[in-house]
Amino acid sequence: MKHDFIDRYSRLESPVHERDARAKTVALFAIIIACVTTPPRAWFAFCLYAGLVVVITVASRVPFRYLLTRMLVVVPFVLAVAVFMPFMHQGRPVVEWGWFAISEKGLLTLWNVAAKSLISVSCVILLTSTTRFNDLMRGFERLHVPMFFTTVTSFMYRYVFIIVDEAERMKRARDSRNYKGRWIWQARVVGYMIASLFLRSHERAERVYAAMCARGFDGTYPRASDRKMRFNDYAFMCLTAGVALAGRLAVIWV
C-alpha cells in the first residue's frame with residue numbers, strides 16, 4: 001500500500017515548506033484568482049504568473065518532473081478544446097484547408113484554456129506538495145472554510161489508500177483466474193469489480209461512521225496548539241499575492 005501519491009514531497013525541508021499553511025493557501029490562491037480573471041491577450045501577465053510558479057517550485061525543492069507529471073491531468077481538457085477548434089469559425093482564419101479552418105479566435109481560446117488550467121493546477125500541486133495534509137486542513141479551518149468540506153476531505157485522504165489497496169487485491173484475484181481482457185465481452189468483469197468495490201466502500205463507510213459516533217465524534221478533530229503566523233509567513237503571503245495582484249492590475253491600467 002502506497003501512502004505518498006498525494007503529498008509525496010510534503011516532508012521536505014525548504015523555505016516554502018516552513019511557511020504556515022494559511023500563508024501558502026492565500027498566496028497560491030491569489031495567483032489562481034488573478035490568472036483566471038486575466039484576459040487571454042495579456043501575455044505579460046501570464047508570464048509573470050508562470051514565473052511565480054517557477055520561483056516557488058525552485059524554492060520548495062519539489063522536482064520539476066513531478067510537477068510536470070501531475071500537470072498532465074489537464075491535458076484531456078486542453079485536447080477537448082483543440083478538437084473543437086475547427087468549428088470555431090469566428091474571426092480571421094489562420095490555417096485554412098478546404099472546409100477545415102482554424103480561426104484566430106479558436107487559437108486564442110485554446111491558449112486561454114491551456115495557460116489558465118496549467119498555472120492553476122500547478123499552484124494546487126505546489127500547495128499539497130509543500131504542506132502536510134493535517135496542517136493543510138487545519139489551515140483551511142483557520143481560514144473559516146466550511147467544516148463540511150474539511151471533514152469530508154479528511155476522511156477521503158485517510159481512506160483512499162484503503163480503497164486503492166482493496167482495488168489492487170481485486171485485480172490480483174482477477175488476474176490469478178487467467179483474465180486476459182482481450183475481448184469485448186470480458187469487459188463486464190471490470191464492471192463487476194467497480195460495483196463490488198463501491199459496495200465494499202459503502203459498507204466500510206457505514207461501519208466507520210457507526211464506530212466514530214459510538215466514540216462521541218461530533219465532526220471536529222482534536223488539534224494540538226495552533227501555530228501563530230510569523231513575520232516570514234506574512235512576508236511570503238503579501239509578496240506573492242502582491243506580485244500576482246500587480247500583474248492583474250497592470251492589465252487594467254495598460
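**Spaces and charges**

Modeller: The second largest pocket is lined by 15 residues. Val124, Thr128, Phe133, Leu136 and Thr153 are the ones nearest its centre. A pocket is an open set of points on a 1 Å grid over the protein atoms alone, with protein on both sides within 12 Å along at least five of seven lines; lining residues have an atom within 4 Å of a point. This is a predicted model, in which local features need pLDDT of at least 70, side-chain atom pairs need 80 or more, and totals for chains, interfaces and linings use all residues. Residues are numbered from 1 along each chain as its sequence is written, and side-chain values use heavy atoms, without hydrogens or water.

The volume of this second largest pocket is about 240 Å³. A volume is the space filled by probe spheres set on the grid points, which are joined across faces, edges and corners. Eleven of the lining residues are nonpolar, three are polar and one is charged. Here Ala, Val, Leu, Ile, Met, Phe, Trp, Tyr, Cys and Pro count as nonpolar, Asp, Glu, Lys and Arg as charged, and the others, Gly among them, as polar.

Now to the closed spaces. There are two cavities of 30 Å³ or more. In a cavity, a 1.4 Å probe fits but cannot get out. The largest cavity holds about 40 Å³ of space. Its lining is made by Ile162, Ile163, Glu166, Leu197, Arg200, Ser201 and Arg204. Helix H7 (147–175) and helix H8 (188–214) each give two or more of these residues. Helices are DSSP runs (H or I, at least four residues), numbered from the N terminus. H8 supplies the largest share, with four residues. By type, the lining splits into three nonpolar, one polar and three charged residues.

Look at Glu166 in that lining. Which residues pair with Glu166 in salt bridges? Arg169, Arg200 and Arg204 do. A salt bridge puts a side-chain nitrogen of Lys or Arg within 4 Å of a carboxyl oxygen of Asp or Glu. Side chains of opposite charge can pair when their charged atoms come close.

Start with Arg169. The closest N and O atoms of Glu166 and Arg169 are 2.2 Å apart. Both residues sit in helix H7, three residues apart, so about one helical turn separates them. Glu166 is buried, with 10% relative accessible area. Arg169 is partly exposed, at 38%. Buried means under 20%, exposed over 50%, and partly exposed in between (1.4 Å probe, protein chains only).

Next comes Arg200. Its salt bridge with Glu166 spans 2.4 Å from N to O. Glu166 belongs to helix H7 and Arg200 to helix H8, so this pair ties together parts 34 residues apart in sequence. Arg200 is partly exposed, with a relative accessible area of 39%.

Then there is Arg204. The distance from N to O in its salt bridge with Glu166 is 3.8 Å. Arg204 also lies in helix H8, so its pairing with Glu166 of helix H7 ties together parts that are 38 residues apart in sequence. Arg204 has 30% relative accessibility and counts as partly exposed.

Step back to the wider set. The structure holds seven salt bridges. A network of them links Asp165, Glu166, Arg169, Arg200 and Arg204.
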